[in-house]
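Please look over the sequence and the three-dimensional view before reading on.

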Amino acid sequence: MMDRPEKSRQLLLDAFINPNLLKGLPLEDWELLIRCAGASKLVAALGDKIAVNCPTMLVPEKVLDHFQAAQQLVNYRKQMTTWEMHCLNRALINLDIDIVLLKGAAYIASELPFANGRTLSDIDILVAKENIEEVEKLLSDQGWITASLDEYDDYYYRTWMHEIPPMRHRERYIEVDIHHSILPLTSRLSPDPKTMLSDAVLAKGGARNKVFSPVDMVLHSVVHLFHDAELNLTDFRDLVDLHELFSYFSKQDDKFWEKLDSRAEELSLYEPLYYALYFSKSLLKTSVPAELLINKNRPNFLPRVLMEYLVPLSILPEDPDFMGKKVAFARWLLYVRSHYLRMPMLMLLQHLMKKSQKRFNHV
Amino acid sequence: MKIKDITFKQLVEHSSGSKGLCVSIGPFVVRIRTKEKSFLQTFSMLYQDFEVSEGEFVDFHIDMRRPTNVRRWVNAQIIFWVDGIAPFEPFPLDHAFPLFEWGLNWCIGRSAHQYLMLHSGVVEKYGKAIIFPALPGSGKSTLSSALGLRGWRFLSDEFGLIRANDGLLQPMPRPVPLKNTSIQVIQNFETSAVLGPVYPKTRKGTVSHLQSPTASVEQSNKLVKPAMVIFPRYQEGSETIFEELPAHYAFLKLSTNSFNYEVMGLKGFERVRDMIDSCTCLSLTYSNLDDVIDQLDKRLVNESSHDG
């Protein structure tokens with residue numbers, strides 16, 4: 001028999017590889033699966049996946065309750081974000097600029113099938129850097145407020161980050177993250193946002209907003225997960241997104257893989273793309289063409305092997321009844337990695353000094 | 001098998017083991033793991049009629065544990081864990097039971113959106129359910145408890161669960177946290193009422209929990225259609241006054257009484273609309289519990305004869 005920690009990972013992976021594998025699952029395994037999916041905020045996504053792919057599958061009543069409840073919450077948040085987006089567009093109506101929706105909001109606007117069960121928490125948009133001041137001013141004139149940050153954080157955001165401090169309308173609670181770049185300006189990679197912006201396309205449904213072209217949408221998600229995120233258990237959801245995006249776009253367009261490959265080359269994003277392809281294939285069995293994985297630009301042997309070992313440990317939820325130190329250590333290492341990638345070493349040291357100084361001052 | 005059918009020693013063994021003690025509480029199965037005997041004593045008394053669940057799907061996995069620092073022993077504290085998350089600050093160890101109750105409310109409130117959740121007491125007699133939606137302090141817990149103590153079926157004191165798909169009321173007859181003067185009121189009203197320990201200085205003042213009627217707990221799986229929506233208000237010295245409420249006003253009052261009305265979207269609207277359409281909606285001002293119970297009984301009998 002599989003031991004419990006291993007079982008929890010496999011259950012969740014099976015569910016997203018092919019929900020038919022869940023047929024005849026004993027009730028206690030359903031319980032474990034729902035707990036793990038809950039830790040990764042994937043309960044509604046799982047319910048949706050099963051409903052779409054195996055509509056005749058017998059799912060225990062209690063599990064259906066959990067799916068229904070989670071979907072209800074997802075629908076509500078989706079409604080709130082759609083409304084927020086509508087308000088944003090109205091506030092910026094006189095501004096003749098492109099507003100590109102990112103991540104969850106883009107998946108919804110593009111009517112991607114998996115967006116139905118996907119949880120989303122805030123709105124991410126991208127505008128050209130030269131427009132950002134105007135956008136911020138128009139929004140703050142119309143009731144949006146900037147998160148209260150201290151002087152250092154505000155300075156840090158505005159000098160080094162790829163976004164301005166998050167804004168929120170004072171009567172609503174959906175946060176709006178306004179980006180002008182793909183990655184922090186200090187990051188070790190710097191894909192040019194202008195190239196991606198100019199290739200953006202209008203979202204479906206006659207919306208005023210644009211979304212990235214399929215390859216850029218994928219690459220943005222790739223960069224976010226494998227170059228900026230801490231790769232802990234809340235990030236497994238993003239890997240599921242990638243798996244769904246890869247599967248969907250490669251079905252829509254025969255040339256998708258080629259286009260993705262050359263775009264990654266053009267923007268020098270092959271390293272994070274390698275990891276996305278590798279983990280999507282190895283964990284979620286995405287049908288990635290083999291030649292993409294042996295590209296000459298893939299990461300070096302040592303970091304690659306290390307990542308291949310650490311990421312699955314860290315990103316997948318543990319059995320909540322058997323939490324281990326090994327996973328905690330893997331998460332810590334990847335947390336350090338994310339900071340290392342985010343800024344040069346000297347700057348990181350200064351940043352951490354400043355942060356710890358602040359913490360001491362508060363005590 | 002009920003909680004009271006197992007010995008305290010077995011209860012302690014179950015709940016300190018890795019599989020924990022699983023209990024059916026209304027529609028939910030809760031797994032409790034703890035080594036705290038004083039908590040288990042209170043729990044086993046107040047939940048004595050609830051079913052021990054075996055081999056069923058567990059909805060909430062709760063651990064009640066002491067912190068790992070010095071507060072494990074000195075001025076001991078207790079922490080509420082659900083699925084590896086501790087959403088609240090630690091409580092003093094001797095307030096473990098109210099913490100458990102509060103924590104369970106939190107678990108249900110944030111996740112059980114297969115129900116429209118009302119901040120309401122619910123009781124039933126003659127197959128007709130009455131919903132008492134009200135703000136804290138209006139006396140709905142006291143009123144629902146008093147009805148339960150007079151042989152009405154008690155479904156809930158502050159968690160009216162309306163099943164989103166069909167609008168039926170799901171019972172969850174948990175112990176009632178009586179607050180401040182309500183404790184004395186209930187003790188005077190019914191001397192046989194069984195109350196748990198008195199917890200002074202909680203967020204809501206002094207709290208003591210009332211054991212739910214055995215027959216009500218035994219009917220936890222019997223769903224019922226709502227027949228009346230009554231907005232109660234205790235007013236000292238007042239006569240028992242019922243007033244009919246116009247539908248639009250009752251609609252607003254009932255929808256704003258729900259914890260998750262917004263989250264429920266269209267379904268929430270439909271459930272409230274159905275209730276307003278099919279139920280008699282009244283406001284109630286009262287001070288004398290016996291008189292209220294008498295009049296409510298008459299009204300239900302009347303309702304039934306209308307139906308016939």
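## The interface between chain B and chain A

The structure is a predicted model. The size of an interface is often given as the accessible area lost when the parts come together. Between chain B and chain A, the buried area is about 1,700 Å², and carbon and sulfur atoms account for 51% of that area. Of the area that chain B buries against chain A, 38% comes from B:Phe57, B:Gln114 and B:Val263, which is more than any other three residues supply. Chain B brings 25 residues to the contact, and chain A brings 17 residues.

The polar side of this interface can also be described by counts. There are 12 residue pairs in polar contact across the interface of chain B and chain A, with both residues of each pair at pLDDT 80 or more. On the side of chain B that touches chain A, β2 (28–34), α3 (96–111) and α8 (261–278) of chain B each provide at least two residues. The most is given by α8(B), with five residues. By residue type, this side of chain B divides into nine nonpolar, eight polar and eight charged residues.

## Salt bridges between the chains

Side chains of opposite charge can pair when their charged atoms come close. Over all chains, the count comes to 35 salt bridges, and between chain B and chain A it is four. A:Asp321 pairs with B:Arg33 in a salt bridge in which the closest N and O atoms are 3.6 Å apart.

## Salt bridges within each chain

In chain A, a salt bridge links the side chains of A:Glu84 and A:Arg172, at 2.5 Å from N to O. A:Glu84 belongs to helix α4 (residues 61–91) of chain A, whereas A:Arg172 is in the loop between β4 (167–169) and β5 (175–179) of chain A, so this pair ties together parts that are 88 residues apart in sequence. A:Glu84 is buried, at 0% relative accessibility. A:Asp216 and A:Arg263 form another salt bridge, with the closest N and O atoms 2.7 Å apart. Because A:Asp216 lies in helix α9 (residues 214–228) of chain A and A:Arg263 in helix α11 (residues 256–266) of chain A, the pair ties together parts that are 47 residues apart in sequence. A:Asp216 is buried at 0% relative accessibility, and A:Arg263 is buried with a relative accessible area of 8%.

In chain B, the side chains of B:Glu36 and B:Arg66 meet in a salt bridge of 3.0 Å, N to O. B:Glu36 is in the loop between β2 and α2 (37–46) of chain B, and B:Arg66 is in the loop between β3 (60–65) and β4 (77–82) of chain B, so the pair ties together parts that are 30 residues apart in sequence. B:Glu36 is buried, with a relative accessible area of 9%, whereas B:Arg66 is partly exposed at 22% relative accessibility.

## The surroundings of A:His180

A:His180 is located in the loop between β5 and α8 (193–198) of chain A. With 7% relative accessibility, A:His180 counts as buried. A polar atom of the A:His180 side chain lies 3.5 Å from the backbone oxygen of A:Met161. Leaving aside residues up to four places away in sequence, the residues that A:His180 touches include A:Leu126, A:Val127, A:Ile132, A:His162 and A:Glu163.

## One face of helix α1 in chain B

Helix α1 (residues 8–16) of chain B has B:Leu11, B:Val12 and B:Ser15 as buried residues. Viewed down the axis of α1(B), the buried residues fall within an arc of 95°, so they line one face of the helix. Among the elements that cover them are β1 (21–25), β2 and α2 of chain B.

Most residues other than glycine have a negative phi. A:Lys103, which is not a glycine, has a positive phi of about 50°. A:Lys103 is found in helix α5 (residues 103–109) of chain A.

A:Lys285 also has a positive phi, near 55°. A:Lys285 lies in the loop between α12 (270–284) and α13 (290–293) of chain A, and A:Lys285 is exposed, with a relative accessible area of 54%.

Definitions and conventions: Residues are numbered from 1 along each chain as its sequence is written. Chains are lettered from A and ligands numbered from 1 in the order in which they are written. This is a predicted model: local features need pLDDT of at least 70, side-chain atom pairs count only at pLDDT 80 or more; totals for chains, interfaces and linings use all residues. Side-chain values use heavy atoms; hydrogens and water are left out. Helices (H or I, at least four residues) and strands (E, at least two) are DSSP runs, numbered from the N terminus. Buried means under 20% relative accessible area, exposed over 50%, partly exposed in between (1.4 Å probe, protein chains only). Contact means heavy atoms within 4.5 Å. Buried area is the accessible area (1.4 Å probe) that two parts lose on being put together, summed over both. A polar contact is a pair of N or O atoms within 3.5 Å; within protein, one must be able to donate a hydrogen and the other to accept it, and residues adjacent in sequence count only if both atoms are side-chain atoms. Ala, Val, Leu, Ile, Met, Phe, Trp, Tyr, Cys and Pro count as nonpolar, Asp, Glu, Lys and Arg as charged, and the others, Gly among them, as polar. The arc is that of the directions from the helix axis to the C-beta atoms.
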